[in-house]
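Keep the 3D view open while you read.

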Amino acid sequence: MAACIFCKIIRGEIPSMKIFESEKTLAFLDIGPISKGHSLVIPKFHGAKLHDIPDEQLAEVLSVAKRIAIAQGVEDYNILQNNGRIAHQVVDHVHFHMIPKPNETEGLGIGWPTQEADKGELSKLLEEIKSKM
C-alpha cells in the first residue's frame, strides 16, 4: 500500500489533476489518456481487485463516473475496470476508467469475440452462480 501510486495520489504525495474528491472516492484526469477527457475514478480504500473492496467503499464510484461524463458532455464513452494482469490491469489499486469515444479512431478500441454457447452448459452455470450469490 505504501508503494501504490494511487495511494500516493490519495495522500497528496504525487500531484494529480483532481476532478472530484469525497471521503471515499477520488477522480482525476489520466496522464496517459487514450482520448481527450480520459478520467480515472478510484475508491480511496486500497485493494487490488474489485472483490477486495468493501461494497460501502464502492457506493459512489459509478455515480461519479457518470457525473464526469455528463460534465464533459460526452455522448459515447466506455466505463472500464480491469482485474488482474491478463485482464490488462497495470496498477494494483481498483480503478475505473471513463473513456470518451468521440469517433471510431479515438478512445477505447476493443474486439468482442463471442462464442456459440451450449444452452445446457449455460443452465448449469446459471444454477452454480445463483447458488453462491
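This is a predicted model: local features need pLDDT of at least 70, side-chain atom pairs count only at pLDDT 80 or more; totals for chains, interfaces and linings use all residues.

Start with Thr-25, which stands opposite Pro-43 in strand 3. Strands here are DSSP runs of E with at least two residues, numbered from the N terminus. Residues are numbered from 1 along each chain as its sequence is written, and side-chain values use heavy atoms, with hydrogens and water left out.

| Partner of strand 3 | Bridges | Direction |
|---|---|---|
| Strand 2 (residues 25-29) | Five bridges | Antiparallel |
| Strand 5 (residues 96-100) | Three bridges | Antiparallel |

On the strand 5 side, Ser-39 has Met-98 as its bridge partner.

Is strand 3 enclosed or open? Five of the five residues in strand 3 (residues 39-43) are buried, so the rest of the structure largely encloses it. Buried means under 20% relative accessible area with a 1.4 Å probe, protein chains only. Both faces are covered: Ser-39, Val-41 and Pro-43 are buried on one side, Leu-40 and Ile-42 on the other.

Now look at His-95, in the loop between strand 4 (77-80) and strand 5. An unreviewed UniProt entry annotates His-95 as "active site"; such annotations may be inferred rather than shown by experiment. His-95 is buried, at 9% relative accessible area. Leaving aside neighbours within four places in sequence, His-95 is in contact (heavy atoms within 4.5 Å) with residues including Leu-40, Val-41 and Ile-42.

Note on methods:
Buried means under 20% relative accessible area, exposed over 50%, partly exposed in between (1.4 Å probe, protein chains only). Helices (H or I, at least four residues) and strands (E, at least two) are DSSP runs, numbered from the N terminus. Two strands pair if DSSP finds at least two bridges between them.
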